[in-house]
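User: I would like to learn how to read cavities, pockets, helices and strands in a protein model. Please give the idea first and then the case at hand.

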Amino acid sequence: MKTLAIILAGGRGSRLDILSEKRVKPSVPFAGKYRIIDFTLSNCCNSGIYDVDILTQYLPLSLNEHIGSGKPWDMDRRDSHVTLLQPHSEWYNGTADAIRKNLHCLYESNADYVLILSGDHIYKMDYRKLINFHVEKNAEITIACKVVPLEEASRFGIMEADETQKVVRFVEKPKEPKSDLASMGIYVFNRLKLIELLENNDDIPDLDFGGHIIPQMIDTGKVYAYKFFDYWKDVGTYDSYLKANLELIETVDKIELDMYDPNWKIYTRSEDMPAVKIGSKAKIKQALLSNGAIIAGEVTRSVISPGVTIHPTAKVINSVILNDTEIRAGAVVENAIIDKHSVIKENAVIGAFDNIPNKDKPSLLSTGITVLGKRVVVGKGTVIGKNVRIFSNVDLEKKGITKVDSGETILKD
């Protein structure tokens with residue numbers, strides 16, 4: 001069964017705020033050496049699907065550089081391809097509209113089925129099982145559904161299905177859910193049926209699968225729900241991003257996402273860097289340490305990305321530190337997410353003071369996490385509070401800022 005995978009990777013990820021300031025959400029680093037999109041691409045590779053189109057939109061440069069020819073995922077072969085597609089004259093106005101604006105991919109493909117995926121979720125799934133289910137049911141569209149606790153179902157788009165798993169109703173974030181089947185935004189279509197649906201809805205400019213296509217198909221076609229019980233997470237907020245990263249350092253019996261399964265590897269484009277170096281006075285407890293990191297201080301319950309340096313007497317606690325950041329002697333970083341190439345100088349403190357929600361974006365930061373963008377410089381002895389947002393390329397030392405109260409936001413001039 002020949003399958004074409006189309007990954008929707010154009011979402012801005014606005015709730016990730018500073019982390020998506022310079023990159024699209026699927027390109028945000030995760031779990032040390034990976035990017036979010038690596039999980040979807042690795043699922044394709046491990047499922048034997050090597051024909052992949054990736055639809056980009058916002059800030060595509062970082063994603064383009066990361067994916068390149070698709071070699072880490074074995075997609076640079078003669079009989080396969082990975083193609084990154086950007087909008088031509090008009091931007092995408094909905095999930096289905098994005099594919100409609102690239103209909104030539106469906107016309108030119110000889111695939112029987114089209115697998116539509118999101119590039120910004122963390123999970124492992126064998127898509128072959130999903131496609132086989134689709135074929136066995138003689139379906140026109142199959143929707144992958146995460147089985148969630150009923151008390152949490154009101155947060156999702158919910159599918160109601162009969163005893164054969166045929167979908168009879170779709171409700172977006174129901175107040176009183178009658179089903180535990182939450183749509184994962186993963187769909188299998190018969191290719192010719194998908195072409196027909198996109199062509200027949202040409203009068204809807206913001207064409208969307210959840211808003212338009214699925215409700216139409218429930219009424220007239222064969223729509224089935226495929227149940228998925230394993231780990232699946234949308235890391236679309238600071239809280240979920242930090243939590244999902246730190247979940248990976250739990251004890252073996254508590255880890256829900258196994259990154260060490262030799263039968264289902266997560267592939268990525270890695271930089272050529274030396275092994276992790278641990279100093280004689282380093283103290284490490286529950287951590288992920290990536291290639292090229294140098295640890296001479298203390299690391300507790302944290303994820304350390306490639307090329308990070310933590311100097312003697314520095315402490316990093318409950319944090320995610322992204323590539324090539326430097327934490328100098330005596331500095332303390334707690335409950336923080338720090339983006340690439342930042343410098344935290346001697347005896348600086350991040351995560352101090354009372355827990356006051358961010359004044360500009362309380363819905364984004366209220367639980368005590370502080371976020372620093374790329375290439376931020378925090379001067380010697382500077383003290384930064386909780387729920388602080390500091391945008392990329394801000395040099396607090398040059399600005400003469402030695403204290404940032406909890407809940408503050410500092411923008412680049």
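User: Which residues line the largest cavity?

Analyst: Rolling a probe the size of a water molecule over the atoms shows where empty space is left. Here the lining of the largest cavity consists of Ile6, Asp53, Leu55, Leu85, Ile99, Asn102, Cys105 and Leu106. Two elements, β4 (51-55) and α4 (103-108), each give two or more residues to this lining. On a 1 Å grid over the protein atoms alone, a cavity is a set of points where a 1.4 Å probe fits but cannot get out, and lining residues have an atom within 4 Å of a point. Helices (H or I, at least four residues) and strands (E, at least two) are DSSP runs, numbered from the N terminus.

The model is predicted: local features need pLDDT of at least 70 and side-chain atom pairs count only at pLDDT 80 or more, while totals for chains, interfaces and linings use all residues. Residues are numbered from 1 along each chain as its sequence is written, and side-chain values use heavy atoms, with hydrogens and water left out.

User: What volume does the largest cavity have, and how does its lining divide by class?

Analyst: Its volume is about 40 Å³, where a volume is the space filled by probe spheres set on the points, and grid points are joined across faces, edges and corners. The structure holds one cavity of 30 Å³ or more. The lining has six nonpolar, one polar and one charged residues. In this scheme Ala, Val, Leu, Ile, Met, Phe, Trp, Tyr, Cys and Pro are nonpolar, Asp, Glu, Lys and Arg are charged, and the others, Gly among them, are polar.

User: How is a pocket defined, and what lines the second largest pocket?

Analyst: A pocket is an open set with protein on both sides within 12 Å along at least five of seven lines. The second largest pocket has a volume of about 380 Å³. It is lined by 22 residues, of which Arg35, Arg269, Glu271, Asn323 and Lys340 are the closest to its centre. Both β3 (34-35) and α2 (61-67) supply at least two lining residues, and α2 gives the most, with three. By class, this lining has three nonpolar, eight polar and 11 charged residues.

User: Which residues of helix α5 are buried, and which are exposed?

Analyst: Buried means under 20% relative accessible area, exposed over 50%, and partly exposed in between (1.4 Å probe, protein chains only). In α5 (residues 127-136), the buried residues are Tyr127, Leu130, Ile131, Phe133 and His134. They lie on the same side of α5 because they cover an arc of only 155° around the axis, the arc being that of the directions from the helix axis to the C-beta atoms. Lys129 and Glu136 are exposed on the other side of α5. Just after this helix, Asn138 has a positive phi of about 55°.

User: Why is strand β12 described as largely enclosed, and what does it pair with?

Analyst: Five of the six residues of β12 (residues 223-228) are buried, so the rest of the structure largely encloses this strand. Two strands pair if DSSP finds at least two bridges between them. Six bridges join β12 to β8 (residues 141-147), and the two run parallel. Within this pairing, Tyr226 of β12 is the bridge partner of Ala144.

User: How many helices and strands are there in the protein?

Analyst: The protein has nine helices and 31 strands. Of its 413 residues, 57% are buried.
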